[in-house]
Amino acid sequence: MFKNYFLLAIRNMRKNKLHTFINTLGMVVAFACSIFIVLMVYRHFTYDDFELNKNKLYKIYSYAIGPNGEETGTAMPYPLTPALKTENIGIAKATSILNGGKLVRYKDKTLDMSTTMVDEDFLNMFTFPVIKGNTSNPLSSTSNAVLTEKSVEKLFGKEDPIGKSIEVKLDGSWYKLIVTAVVKDFPENSTIKLSVLARTELYPHYAEMRGTWDNRNHAVYVLLANNTTQQNVESRLRSLVKKYTPDNVAISKKDGYKPDKNGDYNSLHLLPFTEEHFNTQLGSGGTVNKAFLYVLILISSVIVLIASFNFVNLNIGLSFTRTKEIGIRKCLGAGKKQIWLQIWGESFLMVFVSMLIAISIVVLLIRNFNQVFALNMSLTTLTSPVIIFTQAALIIVVSFIASGYPSSVMTKLKTVEILKGKITVKKPGMLRNALIITQFVIAIVLMCSTVIIYQQFDYLRSAPLGYNTTSIISIPIKNDEKGRGIIAQLRTRLATQSSVLAVSGSDVNIGVGEDHTTSTSITCFTYGDKTICGQVINGDYDFLKTLSIKPLSGHDFSMEYAGDTGTQIIATKSYADEFGEKSIAGFSYYADSTQPPIKIVGVIPDIQIKSLSDQQRPVLINLSQDKSMNYAWIKVNTANPAATMSMIKKAYMQIEPGVEFQGSYVNENIDRLYKEEKMMANMFTVAAAIAIILSCMGLFGIASIITRQRVKEIGVRKVLGATITNIFTLISKEFVKPVIIAFFIAVPIGWWAMDSWLQDYSHRVSIHWWVFAVAGITAFTITICTVSFQSIKAAIANPVKSLRTE
């Protein structure tokens, strides 16, 4: 029996080649897209799954309600970690985590490799199993170091690293450590990434910061005890905060702070480690918004749904061309179950073959997909039980959706009526039109969303930040303790180059550079009865000139004023306004009575250093000779950016030989800030294109079926005098009406969805009516063009031949 069903399915596919091709191609495209998206989403939702204690691990973060809204942060003071363990608040273990130096040296080999400073509990909290060396307590001493397998391979090759001495560079100084253990390499989807582990006490400023609660520069993770919960520990953290850092209610109120629901002005909370990857504000290690992943799942479902609707529509149309076959089979004794099984089996076979082809396409294109979307997905994920189950579920569900209605209709038809040709189906076009409307609602919403997302992405990239972002090259400096000297040498070497306009530097980068690091430093102090806070940037001479910033008053950092004593700063207008002084340029103040006065030499308009999705802060740019520089900035004027970059690379490598050159243009760095928005825009573009193509394929197939079913009617109309235009209009209007209805449904849905999405951005574009108008006109035009081929073909056919077909 099953052999006969299989042969019948193959025979019907051959008979209806066009519709088989449309169905198969549509399902292949939909399945391939859905598999790519499922792989991407699966990678994110399985982040840190290898951590055995993941459900008991938490990250400490601070919380306050400031004058501009909620303020959260993960930078913690050094006394907090021991206090968490000594106070009986339900915490079993705790560790500080601070990423430090950039260089590691073994004998005459120096490599770019970060050093992560942690506490003794780290390896007992996180799942980084020791595979060689001291397995009990490899970080028992401040002179110990633990390396990953990859780090050992890079640094030692095949040499046994245990007991060997290496050097790590922290804050300009080299520290000798003994390798005591090697841990297994962590998976690619790990929040905690490391190369070399060392003790927290190795941090050069640890001695001076270990007893102060005011300086915060590292993250703290805790492992809860077995007999407690997150809520219990958070309630006990309140008493810890009140004990060590009590609120000054008067100052908090004066600064515009408000109490939270517990009446606290400052508090500590726990972020579950399982949620860190999805928290873009508090997480680390390449976070992603969970809402973005849900959008991807929605896109995947929508594409499969559109392809399934095509399948349903075409199967419904083809089913009514097979009524005589079904009638004869019923007459020969076939029951409802057998008829249903036959039709479902044909759909299942086509869907199954489509899935196999889709998997083959994924295997062939996954490298290209990784390159286009900057991902690192592996084919081994395809063999995971979750992915296999998802693929099997798609095959079964789609085959049932595609054949369910046609099968039920065919099984209910009466044999006598079939053989007499007296088949009547109540409102046969209702379901077809409903599916077409749904398809085009989805397609129009996706088109509108794509345009608006691209507008927002372009706005974020091109919005004025208060300084020039084009034609500036940013270079990470490896020997940052010599940063000012390196920048001075660059300034001298490039002085003769006509394409170089200015050279400066900073301790922070603009955007995200080739080193993929960002940092933020905030300083606060009391001035009279006010608390003044600002984001600190340590800059070099010609800072404003390099960034093309015109001061509102005062001047740039210049060698002409190099003899001035004390600390010089340039303040943004919002920072200067905090003082409440009428004339601020040339004004001096004391942030610390034990330190020299700070002189404001210039005031500039407010600038945005970080992403526009972050809150704009008051900024002070500090010129201090004892500060290191992490980045060199070079302003250029050139028609050949690649040649200029090559020239600057050559000059830099002469100053700092033997290191990797990671220079990049600042506008590229700004683009990296909006990686998620760019990926979303690309995803929606692809989804919209696929939705339109699949919808058009479905329309084309349905149009061919309708013209086949109405061939006699069209012949009669032509004999009675109907023109080609009349016939074209007759067939086309059946498809134009659903598209027009879809447009009026899609507009409010698209407007609401995009307006809700834009609310997450403090800087956002306005939604314009023409976006929806263009999407509607595009959908209407595509519909006419798609249906016109079959309509005109039917209209110009010889009516004599049409009437002879039966």
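**A loop residue, a helix and their setting**

Guide: D507 is placed in the loop between β15 (500–506) and β16 (522–527); helices (H or I, at least four residues) and strands (E, at least two) are DSSP runs, numbered from the N terminus. This is a predicted model, in which local features need pLDDT of at least 70 and side-chain atom pairs count only at pLDDT 80 or more, whereas totals for chains, interfaces and linings use all residues. Residues are numbered from 1 along each chain as its sequence is written, and side-chain values use heavy atoms, with hydrogens and water left out.

D507 counts as buried because its relative accessibility is 17%; buried means under 20% relative accessible area, exposed over 50%, and partly exposed in between (1.4 Å probe, protein chains only). The side chain of D507 reaches the backbone nitrogen of N538 at 2.9 Å, where a polar contact is a pair of N or O atoms within 3.5 Å; within protein, one must be able to donate a hydrogen and the other to accept it, and residues adjacent in sequence count only if both atoms are side-chain atoms.

Helix α5 (residues 149–156) shows how burial is arranged along a helix. Its buried residues are S151, V152, L155 and F156. Seen down the axis of α5, these fall within an arc of 100°, so they line one face of the helix; the arc is that of the directions from the helix axis to the C-beta atoms. An α-helix has 3.6 residues a turn, so residues three or four places apart point the same way. Exposed residues K150, E153 and K154 are carried on the face of α5 turned away from its buried side. The buried residues of α5 pack against β4 (103–106), β5 (109–112), β8 (144–148), β9 (165–170) and β10 (173–183), a contact being heavy atoms within 4.5 Å. After α5 comes G157, with a positive phi near 70°.

R105 and W174 form a further pair: the charged end of R105 sits over the ring of W174, 3.9 Å from its centre. For such a placement, NZ of Lys or CZ of Arg must be within 6 Å of the ring centre and within 35 degrees of the ring normal. K290 likewise lies over the face of F278, at 4.6 Å from the ring centre.

As for the whole, the protein chain has 25 helices and 24 strands, and buried residues make up 49% of its 806 residues. Among contacts between residues at least 6 apart in sequence, 80% join residues at least 24 apart.
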